[in-house]
Amino acid sequence: MTATRVCALSELEQDSAIRVEVEGVPIAVVRDSNDDVHAIGDVCTHGDISLAEGFVDGDTIECWAHGSAFSLQTGRPLNLPAYEPVPVYAVTIEGDDVLIDPAVLKTP
């Protein structure tokens with residue numbers, strides 16, 4: 001696969017996330033308080049809940065349903081009830097375009 005444009009950087013608000021789907025893979029695209037853009041698997045590993053609907057705080061995103069927070073850097077859960085990590089994908093910014101290749105996992 002190659003990197004796919006998923007949105008414009010200008011569409012991402014600080015401390016928020018949007019849900020996109022690339023090649024059938026649900027991904028939460030997150031812009032944190034430092035204006036860094038992250039891409040993580042959108043489905044909470046504790047339940048079938050969209051992480052993009054959760055709360056962004058610093059370098060974490062919290063599942064709104066059960067409260068598990070995940071690192072945007074590593075995908076690891078930081079508290080229970082989730083105990084399995086979500087995948088983290090490499091993000092490329094070209095001008096105002098945000099590109100993601102779901103076949104390329106980010107190395108923490």
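Here is a quick tour of this chain, from its overall fold to its charged side chains.

What you have is a predicted model, where local features need pLDDT of at least 70, side-chain atom pairs count only at pLDDT 80 or more, and totals for chains, interfaces and linings use all residues. Residues are numbered from 1 along each chain as its sequence is written, and side-chain values use heavy atoms, with hydrogens and water left out. The chain has nine strands and zero helices, and four salt bridges turn up in the structure.

**Overall build**

- Reading along the sequence, you get β-β-β-β-β-β-β-β-β; strands are DSSP runs of E with at least two residues, helices are runs of H or I with at least four, and both are numbered from the N terminus.
- The radius of gyration is 13 Å, close to the 13 Å from the globule rule for 108 residues, so the chain is as compact as a globular protein of that length.
- That radius is taken over C-alpha atoms, and the globule rule is 2.2 Å times the number of residues to the power 0.38.
- Along the principal axes, the C-alpha atoms fill a box of roughly 40 × 30 × 20 Å.
- Buried residues make up 43% of the 108 in the chain; buried means under 20% relative accessible area, exposed means over 50%, and partly exposed is in between (1.4 Å probe, protein chains only).

- Most residues other than glycine have a negative phi, and most peptide bonds are trans.
- Leu80 and Pro81 are joined by a cis peptide bond, with omega about 15 degrees.
- Pro81 sits in the loop between strand S7 (69-71) and strand S8 (88-94).
- Asp15 isn't a glycine, yet it has a positive phi of about 60 degrees; you'll find Asp15 in the loop between strand S1 (4-8) and strand S2 (16-22).
- Asp35 also isn't a glycine, and its phi is positive, near 70 degrees; its spot is the loop between strand S3 (25-31) and strand S4 (37-41).

**Salt bridges**

- Side chains of opposite charge can pair when their charged atoms come close.
- The cut-off used here is a side-chain nitrogen of Lys or Arg within 4 Å of a carboxyl oxygen of Asp or Glu.
- Arg19 pairs with Glu21, their closest N and O atoms being 3.7 Å apart.
- Arg19 also meets Asp42 in a salt bridge (2.9 Å, N to O), a pair that links distant parts of the chain: Arg19 is in strand S2 and Asp42 is in the loop between S4 and strand S5 (55-57), 23 residues apart.
- Arg19 is partly exposed at 46% relative accessible area, while Asp42 counts as buried at 1%.
- Asp35 forms a salt bridge with Arg31 (3.2 Å, N to O); Asp35 is partly exposed at 39%, and Arg31 is buried at 15%.
- Through shared partners, salt bridges join Arg19, Glu21 and Asp42 into one network.

**A negative patch**

- Asp15, Asp57, Asp59 and Glu62 gather in a surface patch of negative charge.
- Patch members have over 30% relative accessible area and no salt bridge, with like charges joined within 9 Å.
- Asp and Glu count as negative, and the place of the charge is taken as CG of Asp or CD of Glu.
- Asp15 is partly exposed, with a relative accessible area of 35%.
- Glu62 belongs to strand S6 (residues 60-62) and is partly exposed at 32%.

Methods: Patches are made of residues with over 30% relative accessible area and no salt bridge: like charges are joined within 9 Å, nonpolar side chains (Val, Leu, Ile, Met, Phe, Trp, Tyr) within 5 Å. Accessible areas come from the Shrake-Rupley method with a 1.4 Å probe; for residues, only the protein chains shown count as cover.
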